[in-house]
Amino acid sequence: MSRSVKRADIVERYMSAWNDQDAQAVRRCFSPDGVYMDSVHEKEIVGDEIVSYCEESFERYPDMHYEIINRTGSLGGTTAVQWIMRGRDIEPIFNLPATGDNVSFVGVDFLVVRRGRIQTCTSYYDVSSLQRGTGRARLSAEQ
């Protein structure tokens, strides 16, 4: 099996685990010392902390669903995955109260894959797209 096929498989498993809201399955996609980097919150989540991070995300957006928009081939073990996440907003985020609105935002993950597992995932997403179309833009302006 070629390395590019293994990387494609891990990308599919990883995104499916998020869509299934299975924190343990997300964790299994990572190497034992794997790192998830949330660039917006400026957090580095390492190893088993990934499970807690996922569970918090699932509580915030209980019906979240990721759709892959685009994916690059692997360059030196790194694959870029552009996605859109949709879900209903029920928890406060970025110091703004929950709105209960359906929200969507776009992002990209850069996955470094080694031996069929994610070594690092650096996630970037557009916070302004999270505010557009919800009451959060008004709330943000008021603050």
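Predicted model: local features only at pLDDT ≥ 70, side-chain atom pairs only at ≥ 80, totals over all residues.
Residues are numbered from 1 along each chain as its sequence is written, and side-chain values use heavy atoms, with hydrogens and water left out.

Trainee: Is Ser 31 buried or exposed?

Mentor: Buried means under 20% relative accessible area, exposed over 50%, and partly exposed in between (1.4 Å probe, protein chains only). Ser 31 has 8% relative accessibility, so Ser 31 counts as buried.

Trainee: Which residue's backbone oxygen does the side chain of Ser 39 reach?

Mentor: Start with contacts, meaning heavy atoms within 4.5 Å. Leaving aside neighbours within four places in sequence, Ser 39 is in contact with Ser 123 and Tyr 124. At 2.7 Å, the side chain of Ser 39 reaches the backbone oxygen of Ser 123.

Trainee: How many salt bridges does the structure hold?

Mentor: A salt bridge is a side-chain nitrogen of Lys or Arg within 4 Å of a carboxyl oxygen of Asp or Glu. Glu 12 and Arg 71 form one, at 2.6 Å, N to O. The structure's count of salt bridges is three.

Trainee: What is the relative accessible area of Arg 27, which meets Asp 48 in a salt bridge?

Mentor: The side chains of Asp 48 and Arg 27 meet at 3.0 Å, N to O. Asp 48 is exposed, with a relative accessible area of 58%. Arg 27 is buried, and its relative accessible area is 10%.

Terms used
Polar contact = N/O pair within 3.5 Å; in protein donor to acceptor, adjacent residues only side chain to side chain.
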